[in-house]
Amino acid sequence: MSQILNTLIVDDHPIIIEAMTRALNVISKKSHDFEFDIKTANDCDSAALQISKARKYLPFDLVILDINMPPSQNRKLFSGEDIGVRLRRKFSDVKIIVMTSLDDNHVLCNIFKTINPDGFLIKSDIGYDDITKAILDVIEGSPYYSRTVTRLIRNHMSNQIVLDHTDRAILYHLSNGAKMKDLPEAINLSLAGIERRKRHLREVFDTPQKDDKILIERARAKGFV
């Protein structure tokens, strides 16, 4: 008898959702060991809603997650990375496959530390066979990393930038033109605490003092904004 896996695909591109759905259906037809009850989400709000429903009715077994996602309306979820963190917190046994077009080592390391994905694929790095193999490996208990991820782990894992949710929230609001004096209203931190965080961010991204424009440019280049 086939095992039914409650599955969520999170991506803001319909063509990717269609491709992932097709891959899951092919695996189901070929293996006869697994069937997939598939839900989809195309932004942080719809993903959060699916997570809430799953907590109430049936936990997710497998999630295929894009990182570049539109933020939630309440600005509590800034990207797929925040969705991944929430999934890990809500479902202890969920298997997460991250798919992203980002290939910067700083971003990849941050994702490893915050989400610890069971599978990690760079979109430009893979073909259809890689997708199906990654899904099968992960649901059978083996991690799967595409070649770019493997190379970056090997070369750079020992010394990377890691930003927590508050760091990324500060960068997000600054990138949208927020003034420092207004940030305590958006972030649960005092102005002095935010200033300390900003000093740390300038050190991390090696930017001049009091130049938020360069800080945001370098954070954006690394995929953190």
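Visitor: Is Phe112 buried or exposed?

Guide: In this predicted model, Phe112 is buried, its relative accessible area being 9%. Buried here means under 20%.

Visitor: And Tyr145, what does it count as?

Guide: Tyr145 counts as partly exposed, with a relative accessibility of 30%.

Visitor: How many aromatic pairs are there in the whole structure?

Guide: A search of the whole structure gives four aromatic pairs. One of them is formed by Phe78 and Tyr172, a tilted pair with 4.6 Å centre to centre and 45° between the planes.

Visitor: Where do Phe78 and Tyr172 sit?

Guide: Phe78 belongs to the loop between β3 (62-66) and α3 (80-90), while Tyr172 is in helix α7 (residues 165-175). The two are 94 residues apart, and the pair thus links distant parts of the chain. Both Phe78 and Tyr172 are buried.

Visitor: Back to Phe112 and Tyr145: why is the pair edge-to-face?

Guide: Their planes stand at 85°, with ring centres 5.3 Å apart, so the pair is edge-to-face; the label applies to planes over 60 degrees apart. Phe112 lies in helix α4 (residues 105-114) and Tyr145 in strand β6 (residues 144-145), so the pair ties together parts 33 residues apart in sequence.

Visitor: Which residues do ring pairs link into a cluster?

Guide: The cluster consists of Phe112, Phe120 and Tyr145.

Visitor: Changing topic, what is the radius of gyration?

Guide: The protein has 18 Å, which agrees with the value near 17 Å that a compact globule of 225 residues would have. Its C-alpha trace spans about 60 × 40 × 30 Å along the principal axes.

How values were computed: Residues are numbered from 1 along each chain as its sequence is written. This is a predicted model: local features need pLDDT of at least 70, side-chain atom pairs count only at pLDDT 80 or more; totals for chains, interfaces and linings use all residues. Side-chain values use heavy atoms; hydrogens and water are left out. Rings of Phe, Tyr and Trp (its six-membered ring) pair if their centres lie within 6.5 Å; planes under 30 degrees apart count as stacked, over 60 as edge-to-face and the rest as tilted. Helices (H or I, at least four residues) and strands (E, at least two) are DSSP runs, numbered from the N terminus. Buried means under 20% relative accessible area, exposed over 50%, partly exposed in between (1.4 Å probe, protein chains only). The radius of gyration is taken over C-alpha atoms; the globule rule is 2.2 Å times the number of residues to the power 0.38.
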